Amino acid sequence: MKTLGLLLSFLFAFQAHAQVSDFNHIDFKKADSMALVYKGAGLKNLPELSHNLTSNLETDVERFRAIYKWVCTNVSNDYGLYLKNKKKREKFENDSLKLDAWNESFKKKLFSKLRKRKKTICSGYAYLVSELSRLANINCRMVNGFGRTSSTAIDNFNAPNHSWNAVKLNDKWYLSDPTWASGIVHPNNYGFKFNYNNGLFLTNPEFFVLTHYPIEPKWMLLEGDLPSFQSFLENPILYGNAYKHLTIHQTPNKLNNTIQKNETITFKYELLEPIDLNKISFIIDNGFKTITAKPSSIILDELSLTLEYQFDNTGYYDTHFLIGDDLIVSYTFKVEN
Amino acid sequence: MKTHVTLTQNRANLITSRMIQHLIFGLFMIATLTFNSLSAQTQTSSNTEINVKGMVSDEYGPLTGVNIALKGSNVGAITDSDGTFIFPQALKPNDVLIFSYLGYETRRVKIKADTNFINLQLVSEAIDIVGALASDKPYKSKRSF
């Protein structure tokens, strides 16, 4: 009996050792293909769906991947529902009884819509990922907090507006955002477009925190000095596509900047993979006209990208950094004499 | 002197607790064996398996469409419009049924030899519904000239 136990523990130890903690070495093709096989599957039987997605996969990270990918590519975002909820939540902000009542009735509607039409808003995504994961014995939970986007109120958050996931794999917690990964809302007609963004899967917490500020600070998964909420409100506006191309954003570290005419501004980023440097551009809007400009200097050192730019005239400039057509990050520059 | 007494006492304690451990383990083994043979006997003699029926509701009444899955398999049932279900496969003691319904906390129920009817009330998930969407709309500052 003892020998058997010893043998088993050896086996497990070997397995643990063989599992790469850096998941870059794991090929997610098989997990992704499971998500594809069950594309279109319904949400009426979660245990079966979870079982189908995960039972052929070897590791927890692959199982989690299959679930996450399935949710991101099968559940669509309901903008009408989002707006309705937002309006009510703002209305009842100071009346917790009414807010609770609204939340209770809306929850029913949301889950019924999710069950029947696979449409939801972000709590629904995060909820579904954590629920399917738990059915596959993966420790996954929802994290509530503040999501910073170009269209949420930039300097004034009334209440938490976003949910995402923390998942424990090989005894370590990771962060993912299935809502932002699934696609985007069209800026004009508010329709939802599936457009899977892999950059929000097990994202670097240091980068993630620039756009996701959890209510409970421990879910930042950071050590040492934690960024304050005030500094979060001053961050540049990063878009979902930032996660597609970058692993870290360094400078300028504020949205609003005041500089002198002809002063050199340095933009520093870490890239996820090498890019064609010709695709780099700025779109600059001075309130009257919009121009496309190239940086005055571009330096690429392995994956560290450093750009420089100077403004020749005083003014107030909304400045957007783009790679190809992908909007990455926005800043404003007040240029003085 | 005092220390010495405590030491021996500790050792005595240790010995007794070891003995108790062994005793419990032994009893446990015997119990398991007996139960196993007992249940084996009942199964072979009367040829009964555990057929499970049940009803699932929430605080307002019966729930339709609740999934009941046998843990580790792909066999399952769904509750009818009156919240009732009949599990399609005969079960064994210690089988676990997973009850899941979107928006409600998932419950696991262990089957015992005398489980024939499961009456379960699900509790709705305590979550706040919020949502910020990813947007590709370029940021526009509110300038004051």
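In what order do the 4 strands of the open sheet in chain B run? The order is 4-3-6-7, with antiparallel pairing. A word of caution before I go on: this is a predicted model.

Two of its strands stand at the edges: strand 4, residues 76-78, and strand 7, residues 107-110, both of chain B. Each has a single partner strand, so one side of each is left without a neighbour in the sheet. How are neighbouring strands turned against each other? By 20° on average, direction ignored.

Strand 3 of chain B covers residues 67-70, and strand 6 of chain B covers residues 96-100. These two pair in the antiparallel sense over 4 bridges. Here is one bridge to find on the screen: Leu70(B) has Leu97(B), in strand 6 of chain B, as its bridge partner.

Next, chain A meets the sheet. Helix 3 of chain A, residues 46-54, lies across strand 3, strand 4 and strand 6 of chain B. Against strand 3 of chain B, the helix runs at about 45°.

On to the whole contact between the chains. Chain A puts in 51 residues, and chain B puts in 27. On the side of chain B that touches chain A, strand 3 and strand 6 of chain B each supply at least two residues. What is that side made of, by class? It has 11 nonpolar, 11 polar and 5 charged residues.

Now the core. The largest nonpolar core has 85 residues. Those with the most contacts inside it are Ile67(A), Val71(A), Val129(A), Leu132(A), Ile328(A) and Ile68(B). Note that the list names residues of chain A and of chain B. Which element gives the largest share of this core? Helix 4 of chain A, residues 60-74, with 8 residues.

Take Val129(A) as a closer look. Leaving aside residues up to four places away in sequence, Val129(A) touches Ile67(A), Tyr68(A), Val71(A), Cys140(A), Asn165(A) and Pro178(A). Among these, Ile67(A) and Val71(A) are on the list of residues with the most contacts inside the core.

Last, the domains of chain A. Domain 1 spans 73-235, and domain 2 spans 248-336. Their C-alpha centres lie 29 Å apart. The contact between them takes 8 residues from domain 1 of chain A and 6 residues from domain 2 of chain A. On the domain 1 side, the residues divide into 2 nonpolar, 4 polar and 2 charged.

Methods
Residues numbered from 1 in each chain as written. Chains lettered and ligands numbered in written order. Predicted model: local features only at pLDDT ≥ 70, side-chain atom pairs only at ≥ 80, totals over all residues. Core = buried A, V, L, I, M, F, W, Y, C linked by C-beta atoms within 7 Å. Buried ≥ 20, exposed ≤ 12 C-beta atoms within 10 Å, placed from the backbone. Contact = placed C-beta atoms within 7 Å. Pairing = 2+ DSSP bridges. Axes fitted to C-alpha atoms, helices over the stretch in contact; angles between N-to-C directions. Nonpolar A, V, L, I, M, F, W, Y, C, P; charged D, E, K, R; others polar. Domains from an automatic or database assignment.
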